[in-house]
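Q: Hi! Could you walk me through a structure before I set up my calculations?

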Amino acid sequence: MGDIYEVRHYLHQHPELSGAEHNTHELICSFLERCNPSKIFRNVGGYGVVALFSKDGAKTTIAFRADIDALPINETTTLPYSSDTKNVAHKCGHDGHTTILLRFAEKISQNPPSCNVVLIFQPEEETGKGAKKIMQTGVLQSLHIDMVFGFHNIPQQPNNMIIVRHNTFAAASAGFVAKLKGRQTHAAHPENGINPGLAVAEMIEKFDSYSRNHYEPECFQQSTLIYTHLGEVALGTSAGDAEIIFTLRAFSNKDMAEILHFASSTLSEIGSKYHLETGYEIIEDFPAVENDNELTDFMIYTAIANGYETTEPDTPFRWSEDFSQYLTEFRGAFIGIGSGMETKELHNPDYDFPDRIIEPASDFILHIARSINTL
C-alpha cells in the first residue's frame with residue numbers, strides 16, 4: 001500500500017459490514033507492522049485490533065479509538081449485523097477515522113511521545129456491539145490504560161474545527177422491540193379472537209405523546225417509530241400477533257432508564273387492557289457518551305495552544321456512539337472534528353470522507369499524546 005490517502009481510498013472501495021471486517025483487519029495489521037509497535041493484539045472481540053506503543057519509563061498510558069465498519073446503503077441490503085457485504089459503503093467516515101489513527105501510528109513510530117500509547121481499531125460500532133466485545137476480552141484492562149480518547153468527523157462544521165462538549169457529548173439510545181400476542185381467528189367472526197390492532201394504535205399514540213412532552217434539552221427523551229408488523233396478508237383471517245419497534249433516546253443514562261421504564265410499563269398496561277400476552281427485547285443499546293470534564297478542558301487547551309479552533313454545541317448530539325462503553329471503566333473524552341461545510345450529513349448516500357482532514361486530525365491526536373503529562 002502506498003501513501004496514507006491510498007489506504008483511505010482502498011478502505012472506501014472495500015467496505016465491510018459490522019462483524020464482517022476481515023479484510024479491514026488484515027490491512028490494519030499489515031500497516032501497523034511497518035510502524036513497529038511493541039505488540040499487536042489481533043482479532044480482539046472479533047475483528048478488532050489493539051496496538052501498544054510502549055515507552056521506557058513512561059508513567060501514563062493513553063488510548064485512542066477508531067471505528068472500522070461500514071454501512072448498508074439501501075433497502076435491499078440485509079441488516080447491519082449481517083455478513084452479506086452486498087450494497088455496503090463507508091457513509092459515516094469510519095474509513096477516514098481508521099486512516100487518521102494509522103497516520104498517527106506512523107508519526108509516533110518515528111518520534112514517540114513520553115507516554116505509552118494504545119491504539120484501538122474497533123469493529124461493529126454501527127450495531128453497538130464492538131466496544132462491549134473488546135472490553136469483555138480484558139485486553140485493554142491488561143494494558144492499565146489511564147485514559148481513552150475518541151473522535152468522529154462532523155459534517156457541516158468548518159474543516160478541522162474541534163467540537164467539544166462538557167458532560168454529555170452524544171445521546172444514549174436503544175431499540176425497544178415490543179411483541180404482542182393475541183389469538184388469530186376467522187375474519188368473519190373477529191369477536192372469537194383477540195386482535196392486537198387497537199393495542200398497536202394506542203402504543204404508537206402514547207409513545208409519540210411521551211416523546212413530544214419530553215423534547216426540551218433539559219429533559220430530552222425521544223421515541224421514534226421504526227417498524228410495525230400486524231397479522232398476515234390473509235383476508236379471511238383476523239390478526240393475532242404484532243411487533244412494534246421504537247428507537248428511544250435521551251441525553252443522560254438516568255433519563256434513558258426512565259424512558260425504558262415508561263416503554264416497558266406502557267406495554268404491560270396496554271397488553272393487560274386488551275388481554276394480550278406481551279414481551280419486549282432491548283437491542284443495539286448505546287449508553288450516553290459522558291465526557292470527563294477535566295479531559296475536555298485539556299483538549300480545549302491543547303487545541304487552542306496548537307492553532308485549532310474549538311466550538312461547544314449548546315446541546316449534545318442526538319446520535320449515539322458505543323465509545324461510551326469504554327467510559328464505563330476508563331476516564332475519557334470524545335470530540336468531533338469538522339469535516340467541511342459542504343460535506344453531506346452522516347449516513348447520507350452522497351457522503352464521502354474528505355481526505356483533507358486526515359493530516360490535521362492525526363496531528364491533533366499527536367498534540368494530545370505529547371501534552372498528556374501536563375495534566
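A: Happy to; below we chat about a helix, a strand residue and some salt bridges.

Q: What kind of model is it, and which residues count?

A: This is a predicted model, where local features need pLDDT of at least 70 and side-chain atom pairs count only at pLDDT 80 or more, while totals for chains, interfaces and linings use all residues. Residues are numbered from 1 along each chain as its sequence is written, and side-chain values use heavy atoms, with hydrogens and water left out.

Q: Thanks! How far apart are the end C-alpha atoms of helix α2?

A: They are 17 Å apart, which agrees with the 16 Å that the twelve residues (22-33) should span at 1.5 Å a residue. The expected span is 1.5 Å times one less than the number of residues. Helices (H or I, at least four residues) and strands (E, at least two) are DSSP runs, numbered from the N terminus.

Q: Which residues of α2 are buried?

A: Thr24, His25, Leu27, Ile28, Cys29, Phe31 and Leu32. Buried means under 20% relative accessible area, exposed over 50%, and partly exposed in between, with a 1.4 Å probe and protein chains only.

Q: And what do they pack against?

A: The buried residues of α2 pack against α1 (4-13), β1 (39-44), β2 (48-53), α3 (94-110) and β6 (116-122).

Q: Let's pick Val117. Where does Val117 lie, and is Val117 buried or exposed?

A: Val117 is in strand β6, and it counts as buried because its relative accessibility is 1%.

Q: What does Val117 touch?

A: Leaving out residues up to four places away in sequence, Val117 touches Ala51, Leu52, Phe53, Ile62, Phe64, Phe104 and Ile108; contact means heavy atoms within 4.5 Å. The C-alpha atoms of Val117 and Ala51 are separated by 8.2 Å, though the two are 66 residues apart along the chain.

Q: Switching to charges: how many salt bridges are there?

A: The whole structure has 22, each being a side-chain nitrogen of Lys or Arg within 4 Å of a carboxyl oxygen of Asp or Glu.

Q: Which residue does Lys133 pair with?

A: Lys133 meets Glu124 at 3.0 Å, N to O. Lys133 is partly exposed at 33%, whereas Glu124 is buried at 7%.

Q: What about Asp208 and Arg212 in helix α6?

A: Their side chains form a salt bridge at 2.8 Å, N to O. Being four residues apart, Asp208 and Arg212 are separated by about one helical turn. An α-helix has 3.6 residues a turn, so residues three or four places apart point the same way.

Q: Which residues are linked in a network?

A: Salt bridges link Arg34, Arg103, Glu106, Lys107, Glu359 and Asp363.
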